[in-house]
Amino acid sequence: MTKWRIFVFLLSLAPLAAMVWGVLDDRLGANPVEALSHESGTWALRFLLVTLALTPLRRFTGWRKPVLLRRMLGLFSFFYACLHFLVWLWLDQAFAWGNMLADIARRPYVTVGFLSFLILMILALTSNMFSMRRLGLRWKPLHRLAYLAALFAILHYIWLVKADLLQPLIYLGIFVSLMLLRLPRKVVLGKPRRVVKKQLAA
Ligand code: HEM
């Protein structure tokens, strides 16, 4: 498992390496701030959706290994969200806190992005063993908020796109599928044939 972890950890750093390389080699096009915001935002969302996909993957395939990477991948989602937030705060808002708060209050797409970011922060801060022990039975429902964070992030994306909605709608489709896969097994796979036959015979 350790080798797996190291491999996935290094692979998860690849988008960061590509962004750093893009900046150093001046490959980010005419609007580098937009390119960095785009890359960090989409990677935060992708990592979040991959993290949410791990439990259904175990449920339907019985493959346990990927679930052990859930915490690391969730933290990578938060890491890229921090980068995304920093790009906005630094390169877009020039650390003008007043402007920033006004933007969060005035623009709905920034409001939902910020809410998603806050949820990810709470989840990252409580993802350690100490918080798990302290929160006990409350830990699981709290961490289900990851779904809300993903929904807010997708709404944020849908809201800010002006023309081509295809990309955010693909993410929405993936999110809805993941939600459906959380339904009880009976509902997703249908009733076992035996039960259906019995019901028809009755
Ligand atoms: C404080 C919170 C956030 C702020 C202020 C913020 C701000 C922004 C801005 C200004 C853009 C537009 C970039 C551009 O086109 O120039 C953007 C795009 C985006 N953001 Fe956020 N965001 C926040 C949180 C998040 C979070 C938590 C996620 C994901 C988990 C996320 C995912 C995205 C995605 C996927 C895009 C679209 C990328 C693109 O195609 O351009 N954002 N965000």
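Before placing any residue I needed to know what counts as a helix: a DSSP run of H or I that is at least four residues long, with the runs numbered from the N terminus. With that settled, I found Ala163 in the loop between H9 and helix H10 (166-181). I also noted that the model is a predicted one.

Entry 1: Ala163.
I then checked its distance to Leu52, which is 111 residues away along the chain. The two C-alpha atoms are separated by 28 Å.

Entry 2: the whole chain.
I looked up the secondary structure and found 12 helices and 0 strands. The C-alpha trace spans about 70 × 40 × 35 Å along its principal axes. The chain has 202 residues, and 21% of them count as buried. I also looked at contacts between residues at least 6 apart in sequence. Of these, 66% join residues at least 24 apart.

Entry 3: the ligand.
How many residues surround the ligand? I found 22, and the closest are His38, Gly41, Ala44, Gly113 and Ala153. Next I looked up which helices supply this shell. Helix H3 (32-61), helix H4 (70-92), helix H6 (108-125) and helix H9 (145-160) each give at least two residues. H3 gives the most, with 8 residues. Sorted by class, the shell has 13 nonpolar, 8 polar and 1 charged residues.

Entry 4: helix H6.
H6 is one of the helices that supply the ligand shell, and I checked its length. H6 has 18 residues, so at 1.5 Å a residue it should span 26 Å. Its end C-alpha atoms are 26 Å apart, which agrees. I then listed the buried residues of H6, which are Val112, Gly113, Phe114, Ser116, Phe117, Ile119, Leu120 and Leu123. Gly113 is also among the residues closest to the ligand. The buried residues of H6 pack against H4, helix H5 (97-106), helix H8 (139-143) and H9.

Entry 5: the loop between H4 and H5.
I stopped at two residues here, Ala94 and Phe95. The phi of Ala94 is near 50°, which is positive although the residue is not glycine. Phe95 is not a glycine either, and its phi is positive at about 55°. Are these residues buried or exposed? Ala94 is exposed, because 9 other C-beta atoms lie within 10 Å. Phe95 has 9 C-beta neighbours inside 10 Å, so Phe95 counts as exposed.

Entry 6: H2 against H3.
I looked up how helix H2 (residues 14-24) meets H3. Their axes come within 11 Å and cross at roughly 175°. An angle over 145 degrees counts as roughly antiparallel, so H2 and H3 are roughly antiparallel to each other. On the H2 side, the contact is made by Pro15, Met19, Gly22 and Val23. On the H3 side, it is made by Pro32, Ala35, Leu36, Glu39 and Trp43. By class, the residues of this contact are 7 nonpolar, 1 polar and 1 charged.

Entry 7: Glu39.
Glu39 is in helix H3, and I looked at it on its own. Glu39 is buried, because 20 other C-beta atoms lie within 10 Å and the cut-off for buried is 20 or more. Leaving aside neighbours within four places in sequence, Glu39 is in contact with Pro15 and Met19. Both belong to the H2 side of the contact with H3. I also checked Leu183, which is 144 residues from Glu39 along the chain. Their C-alpha atoms are separated by 32 Å.

Entry 8: Pro56.
Pro56 is also placed in helix H3. With 16 C-beta neighbours inside 10 Å, Pro56 counts as partly exposed. What does Pro56 contact, leaving aside its neighbours within four places in sequence? I found Leu178, Leu181 and Arg182. Pro56 and Trp139 are 83 residues apart in sequence, and 19 Å separate their C-alpha atoms in space.

Technical notes
Residues are numbered from 1 along each chain as its sequence is written. This is a predicted model: local features need pLDDT of at least 70, side-chain atom pairs count only at pLDDT 80 or more; totals for chains, interfaces and linings use all residues. A residue is near a molecule or strand if its C-beta atom, placed from the backbone, lies within 6 Å of it. Ala, Val, Leu, Ile, Met, Phe, Trp, Tyr, Cys and Pro count as nonpolar, Asp, Glu, Lys and Arg as charged, and the others, Gly among them, as polar. The expected span of a helix is 1.5 Å times one less than its number of residues. A residue is buried if 20 or more other C-beta atoms lie within 10 Å of its own, exposed if 12 or fewer, and partly exposed in between; C-beta atoms are placed from the backbone. Two residues are in contact if their C-beta atoms, placed from the backbone, lie within 7 Å. Axes are lines fitted to C-alpha atoms, for helices over the stretch in contact, and angles run from 0 to 180 degrees between N-to-C directions. Angles under 35 degrees count as roughly parallel, over 145 as roughly antiparallel, 65 to 115 as roughly perpendicular and the rest as oblique.
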